[in-house]
Amino acid sequence: MFTDLPRDLETEILSRVPATSLQKLKPTCKRWYTLFKDPEFLKKHVGRAEREVISLMSLRVYSLSVNLSGIHSSVEMTGMLNSLKDSEDVKISDITECNGLLLCTTDDSRLVVWNPYTGETRWIPYKSNSPYEMYQKFVLGYDNTNKSRYSYKILRCYHGLIDFGYEFEIYEFNSHSWRRFYDNSPNCSFESKGVTLKGNTYWFASDTEGRHIILRFDFATERFGRLSLPYQSGGYVDDVVETGVLSAVREEKLALLYERFDELNDSSEMKIWVTNTKIVEAKDLSWSDFLVVDSSKFMVTRMTNVMSFLVDEEKKMVVVCDTDIDQHMNRFYIVGEDIYKEVYKDIAQGLFSYWPLLISYAPSLVQIQQGKVIPGGKRKR
Amino acid sequence: MSSKMIVLMSSDGQSFEVEEAVAIQSQTIAHMVEDDCVADGIPLANVESKILVKVIEYCKKYHVDEANPISEEDLNKWDEKFMDLEQSTIFELILAANYLNIKSLFDLTCQTVADMIKGKTPEEIRSTFNIENDFTPEEEEAVRKENQWAFE
């Protein structure tokens with residue numbers, strides 16, 4: 001019966017099938033194999049594609065299904081990433097996302113860019129110049145001043161010799177090469193993972209006095225800049241621990257999750273803000289309250305080490321993952337105004353430097369080899 | 001309240017009287033009404049009676065007004081029951097919704113089949129939809145390995 005359908009109707013149906021299913025169905029028959037590579041079909045398909053959520057835990061990448069429906073909210077693992085070509089395990093220690101591309105660092109410090117939608121991968125070679133280059137971070141971004149072609153770049157931040165601050169290198173997809181650049185301005189420590197929005201990367205950072213700031217790296221000008229927080233940060237206070245984590249809300253806004261633990265009073269608070277309007281490169285950030293979590297209301301032990309979260313603006317909820325150090329467990333929670341529910345718990349394997357991560361991305365057709373974007377249709381959000 | 005009726009005629013010669021307001025959810029029929037060529041009834045050469053009955057049932061349910069108030073949640077539940085049909089009927093409905101240009105029915109029927117496809121293996125797809133495998137075993141293996149990384 002299916003084979004009797006006119007081609008355009010077959011395309012209409014297949015363009016509504018999720019990307020992960022389509023990849024698996026390439027071997028069904030030659031017609032489908034060819035169709036799933038056809039640019040016209042892909043444009044239609046990616047235009048309908050829903051955002052995907054993946055999680056990095058214990059060096060493994062999982063695809064997740066997140067269901068936010070009040071008390072019945074759940075998070076389910078729907079698949080685990082495997083390398084099909086080689087039988088070697090794909091062990092990943094860090095991921096950063098930009099435009100549907102994932103920049104992954106493997107546990108043996110190799111770097112690879114992956115488009116989960118098209119399945120393309122590209123290994124990026126780099127050299128470590130000295131054994132002191134610890135705590136290196138990679139983020140993926142692009143020069144957003146050229147509207148017709150995104151020019152993708154990777155920023156590598158690393159500590160050189162111990163007493164000097166961060167050093168930087170940039171890799172351009174077009175030139176296939178790294179070059180160093182110097183910038184003393186950050187003069188702060190990157191507290192959170194970098195989050196890339198509209199090509200530029202943002203960090204929650206603290207300066208030498210312990211005052212918090214939002215740091216932005218502009219991939220077009222290749223310069224760092226400081227932006228406003230939604231609160232006044234007073235710097236170090238004895239017996240108080242403050243942490244901040246950033247998250248991208250769709251591809252338009254930034255969200256900040258702030259936690260403050262008062263060790264003396266054994267109290268904690270969690271607040272989440274979202275930027276007001278879509279991120280505009282030159283201007284400063286303005287924030288709105290999104291959620292205040294009263295931990296006493298829910299009578300839970302404090303959440304610790306929240307490294308990653310995702311925001312659902314419509315439902316006014318967040319999905320958070322953290323690690324319980326004492327029990328060696330990774331946990332996912334769903335948090336809203338009236339809900340605080342642990343929805344997943346598992347033993348954390350590997351070193352504690354590998355915190356669990358939650359990443360949301362919209363499938364895209366970006367080709368990694370040239371870093372070109374095929375102009376796509378309108379995205380359903 | 002006047003409810004203007006029009007007559008729809010299936011390909012196998014059956015006639016169905018339907019409120020015009022209900023029928024014009026089909027863009028195809030709406031254009032014919034505008035062009036004022038519906039006096040003798042509208043012949044639908046591509047839709048047989050068995051399917052037309054279901055289309056009319058759908059359009060009646062989706063003609064929401066004060067007389068027929070219904071929530072989105074209830075409509076979704078109704079959709080599920082409505083689409084509990086044999087595979088061949090679903091495909092006929094897709095063709096009818098396309099010909100009659102009823103967007104919501106078209107979306108519903110296509111999504112139903114897409115949901116049937118989701119999560120199945122190529123083997124299951126071939127047997128469910130009677131699709132022939134024209135790959136050799138070697139070709140099929142090569143295709144499977146094309147993407148280096150995949151979620152399993």
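**Entry 1: chain A.** I started with burial, and 54% of the 381 residues in chain A count as buried. A reminder to myself: this is a predicted model. Next I looked up the secondary structure and found five helices and 25 strands in chain A. I then turned to contacts in chain A between residues at least 6 apart in sequence, and 50% of these join residues at least 24 apart. For the accessible surface of chain A I noted about 17500 Å², with 48% belonging to carbon and sulfur atoms.

**Entry 2: chain B.** Here I found eight helices and four strands. Reading from the N terminus, I wrote the order down as β-β-α-α-β-α-α-α-α-α-α-β. Of the 152 residues in chain B, 41% are buried. I also checked the overall form: the radius of gyration of chain B is 20 Å, whereas a compact globule of 152 residues would have one near 15 Å. The C-alpha atoms of chain B take up a box of roughly 65 × 35 × 25 Å along the principal axes.

**Entry 3: charges.** I looked up 13 positive and 32 negative charges in chain B, and their mean positions lie 5 Å apart.

**Entry 4: cores.** Which residues have the most contacts inside the largest nonpolar core? I listed Ile13(A), Trp32(A), Leu8(B), Val55(B), Val113(B) and Ile117(B), in a core of 59 residues. Apart from that core I found another, of 18 residues, including Val245(A) and Leu291(A). Last, I picked out Leu8(B): leaving aside residues up to four places away in sequence, Leu8(B) touches Phe16(B), Ile29(B) and Leu52(B), among others.

Note on methods:
Residues are numbered from 1 along each chain as its sequence is written. Chains are lettered from A and ligands numbered from 1 in the order in which they are written. This is a predicted model: local features need pLDDT of at least 70, side-chain atom pairs count only at pLDDT 80 or more; totals for chains, interfaces and linings use all residues. Side-chain values use heavy atoms; hydrogens and water are left out. A nonpolar core is a set of buried Ala, Val, Leu, Ile, Met, Phe, Trp, Tyr and Cys residues joined through side-chain atoms within 4.5 Å. Buried means under 20% relative accessible area, exposed over 50%, partly exposed in between (1.4 Å probe, protein chains only). Contact means heavy atoms within 4.5 Å. Helices (H or I, at least four residues) and strands (E, at least two) are DSSP runs, numbered from the N terminus. Accessible areas come from the Shrake-Rupley method with a 1.4 Å probe; for residues, only the protein chains shown count as cover. The radius of gyration is taken over C-alpha atoms; the globule rule is 2.2 Å times the number of residues to the power 0.38. Lys and Arg count as positive and Asp and Glu as negative; His and the chain ends are not counted. The place of a charge is taken as NZ of Lys, CZ of Arg, CG of Asp or CD of Glu.
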